[in-house]
Amino acid sequence: MIYVVIVFLWTSILLYILLGGADFGAGIIELLTSKTNKPKTRKTMYKAIGPIWEANHMWLIIAIVILFVGFPKIYTTISVYLHIPLVCMLLGIIARGTAFVFRNYDAVKDDMQKVYTPIFVYSSLITPFFLGIIAASSVSGQIDPQANDFLSAYVFSWLNWFSIAVGIFTVSICGFLATIFIIGQTDNDGDRQHFVGKAKRTIFIVMFCGILVFIAAHAEQIPIVDWIFGDTPGLIAIIAASISLIFMWYALNKDQPLLLRLLAGFQVTMILFAATYTHFPDIVLLKDGANLSLLTHQGQAKTIASLGYALLIGSIFILPALGYLIYIFQQKR
């Protein structure tokens, strides 16, 4: 049953990156859009993220609950030593959701709209940035359980070039996902070509940010090259993601939005697989050389079994409901 729980944990993280990433990317794209095109971009983005913007944090909640219930030592370590970026990420989630609701559903349209918009777009940037920092810090080997001062324990555990580079890379992926998702929501060929151009540019931005991650990892002496290219499955995943870019470029020019979304999801899945496969089942790498493992640092057997059954039963209700929600929003209105 432990492997069922681990699969749900990994899948929930993946779905949060895919669906939540596209959601956050909507604000990022709006932030980087010219004033002339902002109204058109904003309208189309609402159509694209409508089915998922309220539901996507469910995946984050599932991941947190799994860690809290099934892996308390891992949960405690992350929440204690990375509490600053965690709080920043959660504040971003709250601010973004609040601003989105008031900006779109406020009964009175007044000057407060000028306040809601900056909150929405900047929190859309901040939230995935700190999400990437948390993910990178967990495996950077900078968390020091033996630290005896505040900066060493709670600041330098995440404030380093590698974590910042991964945070920027995460932001770029969110922008990339948003531009891909939005193409299928356009109403005319002119808008489609506009967003296709954006998608092509974000592909190069993601590639550049990925290079920054490797440069930062080398500077921090983090063996990310060995992690990703040092084993056959990880190498195959990266090659597959790279080859799929060819098909994506073809789909961008042939108006195939469904294929584009599938390819974008496949690419992000392969990146996450390559990044996590090598040091599985270790999920947190500590500075003293010790690691926290999903297999070694799990909860009681009865707890894991109950959690696994709860996840299996819950998925029977959650997944069909989410699928129906997306279907309803995709209907022409």
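Leaving aside neighbours within four places in sequence, Leu-252 is in contact (heavy atoms within 4.5 Å) with Ile-180, Ile-183, Arg-192, Val-196, Ala-199, Lys-200, Ile-203 and Leu-260. The structure is a predicted model, in which local features need pLDDT of at least 70 and side-chain atom pairs count only at pLDDT 80 or more, whereas totals for chains, interfaces and linings use all residues. Residues are numbered from 1 along each chain as its sequence is written, and side-chain values use heavy atoms, with hydrogens and water left out.

Leu-252 is also one of the residues with the most contacts inside the largest nonpolar core, which has 46 residues, the others being Phe-162, Phe-176, Leu-177, Ile-180, Ile-183 and Met-248. Such a core is a set of buried Ala, Val, Leu, Ile, Met, Phe, Trp, Tyr and Cys residues joined through side-chain atoms within 4.5 Å, where buried means under 20% relative accessible area, exposed over 50% and partly exposed in between (1.4 Å probe, protein chains only). Two or more residues are given to this core by each of helix 1, helix 6 (113-139), helix 8, helix 9, helix 10 (224-229), helix 11 (232-253) and helix 12 (257-277), helices being DSSP runs of H or I of at least four residues, numbered from the N terminus. Helix 8 supplies the largest share, 12 residues. Another core, of 38 residues, lies apart from it and includes Trp-59, Leu-67, Met-89 and Leu-292.

The axes of helix 1 and helix 8 (residues 161-183), taken as lines fitted to C-alpha atoms over the stretch in contact, with angles from 0 to 180 degrees between N-to-C directions, come within 6 Å and cross at roughly 90°. The two helices are therefore roughly perpendicular to each other, a term that covers angles of 65 to 115 degrees. Among the residues making this contact are Ile-17, Leu-18 and Gly-21 of helix 1 and Val-171, Cys-174 and Gly-175 of helix 8.

Within helix 1 (residues 2-31), Ser-12 is buried, with a relative accessible area of 2%, and, beyond its neighbours within four places in sequence, is in contact with Trp-59, Ile-62 and Ala-63. The structure holds 1 salt bridge, defined as a side-chain nitrogen of Lys or Arg within 4 Å of a carboxyl oxygen of Asp or Glu; it is formed by Asp-23 with Arg-96, the closest N and O atoms being 2.6 Å apart. Because Asp-23 lies in helix 1 and Arg-96 in helix 5 (residues 83-105), the pair ties together parts that are 73 residues apart in sequence. Both Asp-23 and Arg-96 are buried.

Terms used. Angles under 35 degrees count as roughly parallel, over 145 as roughly antiparallel, 65 to 115 as roughly perpendicular and the rest as oblique.
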